[in-house]
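Open the model in a viewer and keep the selection panel at hand.

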Amino acid sequence: MKDYGTINDIIRVMKRAVRYMETGSRENLRCVHLDASGEIVSTNGYMMYRQRYAYVGPNIDIPGELAKRISKCKVTGNGGPARIELDGDEVKVTIENSGKEFKGKAQSIGFCRYDFFFKNEHKAIARDVENATLRRFAEIFSKNGADMMLATTKDGTLEIIGGTSTFTGSEFVENAVEGESVELAINPRYLRNVLMSLDDKVTVEFGKKDKPLMLSSGAIDILLMPLHDICQELREIATETRKQRKADEKKGESMVKNIGTLEIEGKHVCITGVMPGMTRDMAFKRLEGVGGIPSRNFTKATQVLVAEN
C-alpha cells in the first residue's frame, strides 16, 4: 500500500467535481485528477473543470464512480482530511475523522498531458465577455442543429458565427480581444453546458488548433476541446457574414456622418430601432464623438430623435 498524501474537505471537493461535470445534459464524470501542483481537475471526457484547492501529494486519478460515492458520504462538516493510498490498481480513500473508507479501481485517462492542456500559451484572449451573449447563441445554434465558430481578429473583435444552409446567426464583440487571429469550431451544446457553470462575465483563452479553449470566471477554469476542423459550409457562412458586416458598417458610418451634419453639439440625442453595422453602445460612442449627449429613452429632455433607416 503506497501513501499518496492527504486532501482537506474531500467531500466538498468531490461534490463540486460531480456538480460541474453533471449539470444539464452533460455526460457522467469520468475521473478526478489530483495534481502534484495542488490543483484538482475533473473531466467527463470532452471538457475539464479545474478547482484551485490544497492537495499535498503526487499525481493520482480517482475514478468518477468513486468520486460520486465520496460526494454522497454523510459525515460532520466536509469530511476533514482524507488519506489517499494506492494498492496495485486500487485507490483507497479514508476520511480520517470518521474512519469511513472508499475503494475503487485506479483509472488513468492520460493526465500525463496535464501541462499540455493547462499550461497552454494562449494566442488570443477575450476578457469580460457577456456569458448571456455566448450562451444565447450556443442555445440557438444547438437547437437548430447548426455548427458554430468562435474567432478573434487582430483589430480586437470576438466573432460568434454559426448556421446551416437555411439558418445563420452572428455577433461581433468589439474591443474584447488581445492577441492574434484565431478560428475554432465549437460544439454549441458543449459550450452551452460549460457556460451554465460560469459567472456573468467570462474570460475566453484561445490556443493553437490542437489545444482546448479555456473559459474562466472567478476560481473556475473549464477546458473545452474544439472540433478538429471547420467545415466548408461554416467557412462559407463566415465569409458571407463578414462581407455583410462590412457593408452594414459603411451604412452605419454614413448614418453617423449625416447626424454629424446636424447641430447636435450639447443636445440630448435618442436613438430608436437598429443601427446598421453597429450596436447601440457603439452608436452612442460615435455620437459622443460629434458632441451629442446620447440617451437610451425618449424623454422630455430629448432634442434630437434618430429613427431606424
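**Stop 1: the cores**

Select Ile-62 and show its surroundings: leaving aside neighbours within four places in sequence, Ile-62 is in contact (heavy atoms within 4.5 Å) with Met-14, Cys-31, Val-32, Leu-34, Ala-67, Ile-84, Val-91 and Val-93. The model is a predicted one, in which local features need pLDDT of at least 70, side-chain atom pairs count only at pLDDT 80 or more, and totals for chains, interfaces and linings use all residues. Residues are numbered from 1 along each chain as its sequence is written, and side-chain values use heavy atoms, with hydrogens and water left out.

Now widen the selection to the largest nonpolar core, which has 59 residues; Ile-62, Val-93 and Leu-215 have the most contacts inside it. A nonpolar core here is a set of buried Ala, Val, Leu, Ile, Met, Phe, Trp, Tyr and Cys residues joined through side-chain atoms within 4.5 Å; buried means under 20% relative accessible area with a 1.4 Å probe, protein chains only. Colour helix H1 (residues 10–21), which supplies the largest share of this core, eight residues. Helices (H or I, at least four residues) and strands (E, at least two) are DSSP runs, numbered from the N terminus.

Apart from this core lies another, of nine residues, including Met-149, Ile-161, Ala-185 and Ile-237.

**Stop 2: the four-stranded sheet**

Select the open sheet with the order S13-S12-S11-S15, whose four strands pair antiparallel. Two strands pair if DSSP finds at least two bridges between them. Strands S13 (168–173) and S15 (182–186) are at the edges with a single partner strand each, so one side of each has no neighbour in the sheet. From one strand to the next the twist averages 15°, with axes fitted to C-alpha atoms, for helices over the stretch in contact, and angles running from 0 to 180 degrees between N-to-C directions.

Zoom in on S12 (residues 158–163), which pairs with S13 over six antiparallel bridges. Here Leu-158 stands opposite Val-173 in S13.

**Stop 3: the three-stranded sheet**

Move to the open sheet S20-S19-S21, where the pairing is parallel. Its edge strands, S20 (293–295) and S21 (304–306), each pair on one side only. Select S19 (residues 268–271), joined to the parallel S21 by three bridges; Ile-271 has Val-306 in S21 as its bridge partner. Finish with helix H7 (residues 280–289), which packs on this sheet, touches S19 and S20, and makes about 155° with the direction of S19.

Key:
Buried < 20%, exposed > 50% of the residue type's maximum accessible area, 1.4 Å probe, protein only.
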